[in-house]
Amino acid sequence: MQLVVARIGRAHGIKGEVTVEVRTDEPELRLGPGAVLLTDPASAGPLTIESGKVHSGKLLLRFEGVRDRNAAEALRNTLLIAEVDPAELPEEEDEYYDHQLMDLDVVLADGTEVGRITEISHLPSQDLFIVERPDGTELMIPFVSEIVVEIDLEEQRAVIDPPPGLIDDRAEIASSRDDAEQGDDA
């Protein structure tokens with residue numbers, strides 16, 4: 001299975017280094033020296049990582065055969081793709097690869113069907129499940145432990161405990177209700 005692990009950014013310096021936007025939780029495993037990565041577009045690769053370092057909070061990589069700024073700049077916006085065994089699991093418990101979560105059924109604790117995960121969106125603050133409901137509409141469910149209470153890969157489901165208003169529009173606004181009740185007392 002192929003997973004996108006990074007996107008090449010701009011050239012850094014004059015010796016062929018590039019900045020990369022990391023798209024994996026395991027950069028030390030996927031983007032270490034000696035790693036051979038496929039590319040999109042395919043014509044740019046495969047690329048073998050020669051060295052890497054962190055500079056001012058950004059990961060810089062140097063690839064074998066890329067020796068100057070022009071060659072590095074030509075790789076800009078190229079996606080780096082790792083070949084991963086589909087049976088491989090993340091190192092930490094309660095961590096999942098996107099491909100493990102795709103197409104899981106999303107249900108409430110009582111078994112009520114909510115929908116199916118069709119996409120995982122990785123935002124700076126948190127990850128979101130994009131869930132397609134049976135009627136074709138989409139929901140965004142924050143992938144946080146307070147809401148996603150269980151991932152059961154054997155049963156192919158994600159159990160959620162959503163706050164009011166997350167999956168339906170029947171949320172009550174307490175302050176409006178309280179204001180109306182106080183107005184009746186006057």
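Q: Which residue has its backbone oxygen 2.7 Å from a polar atom of the side chain of Thr39?
A: Let's start with the rule: a polar contact is a pair of N or O atoms within 3.5 Å; within protein, one must be able to donate a hydrogen and the other to accept it, and residues adjacent in sequence count only if both atoms are side-chain atoms. The backbone oxygen that lies 2.7 Å from a polar atom of the Thr39 side chain belongs to Pro41.

Q: What kind of model is this?
A: Residues are numbered from 1 along each chain as its sequence is written, and side-chain values use heavy atoms, with hydrogens and water left out. Local features need pLDDT of at least 70, side-chain atom pairs count only at pLDDT 80 or more, and totals for chains, interfaces and linings use all residues, as this is a predicted model.

Q: Which backbone nitrogen lies 2.9 Å from a polar atom of the side chain of Thr39?
A: Thr39 touches Ala44, Gly45 and Leu47, among others, leaving aside residues up to four places away in sequence; contact here means heavy atoms within 4.5 Å. Its neighbours also include Thr78, Leu79, Leu80 and Ile81. The backbone nitrogen at 2.9 Å is that of Gly45.

Q: Is Thr39 buried or exposed?
A: Buried means under 20% relative accessible area, exposed over 50%, and partly exposed in between, using a 1.4 Å probe and protein chains only. Thr39 has a relative accessible area of 8%, so Thr39 counts as buried.

Q: In which strand does Thr39 lie?
A: The chain has 4 helices and 12 strands. These are DSSP runs (H or I of at least four residues for helices, E of at least two for strands), numbered from the N terminus. Thr39 sits in β3.

Q: How many residues does the hairpin from β3 to β4 run through?
A: β3 (residues 36-40) runs antiparallel to β4 (residues 47-55), and 2 bridges join them; two strands pair if DSSP finds at least two bridges between them. The number of residues in the hairpin is 6.

Q: Which residue in the turn between β4 and β5 has a positive phi of about 55°?
A: β4 pairs with β5 (residues 58-63) in the antiparallel sense over 6 bridges. There, Gly52 has Leu61 as its bridge partner in β5. The hairpin has 2 residues between the strands, and the one in the turn with that phi is Ser56.

Q: What is the average twist from one strand to the next in the closed barrel?
A: The barrel has 6 strands in the order β1-β2-β5-β4-β3-β6, with antiparallel pairing. Angles run from 0 to 180 degrees between N-to-C directions, along axes that are lines fitted to C-alpha atoms (for helices, over the stretch in contact). The average twist is 50°.

Q: Which are the edge strands of the open sheet?
A: This sheet has 6 strands in the order β10-β9-β8-β7-β12-β11, with mixed pairing. An edge strand here pairs on one side only, and the two are β10 (138-142) and β11 (148-152).

Q: Which residue of β9 stands opposite Arg116?
A: β7 (residues 105-108) and β8 run antiparallel, with 3 bridges joining them, and Asp105 stands opposite Arg116 in β8. Next along, β8 (residues 113-122) and β9 (residues 127-132) pair antiparallel over 6 bridges. Glu119 has Ile130 as its partner in β9, while Arg116 stands opposite Glu132.

Q: What is the volume of the largest pocket?
A: On a 1 Å grid over the protein atoms alone, a pocket is an open set of points where a 1.4 Å probe fits, with protein on both sides within 12 Å along at least five of seven lines; lining residues have an atom within 4 Å of a point. Grid points are joined across faces, edges and corners, and a volume is the space filled by probe spheres set on the points. The lining has 27 residues, with Asp25, Tyr96, Asp98, His122 and Asp127 nearest the centre. The volume is about 800 Å³.

Q: Which strand supplies the largest share of the lining of the largest pocket?
A: β1 (2-12), α3 (98-101), β8 and β11 each supply at least two lining residues. The largest share, 4 residues, comes from β11.
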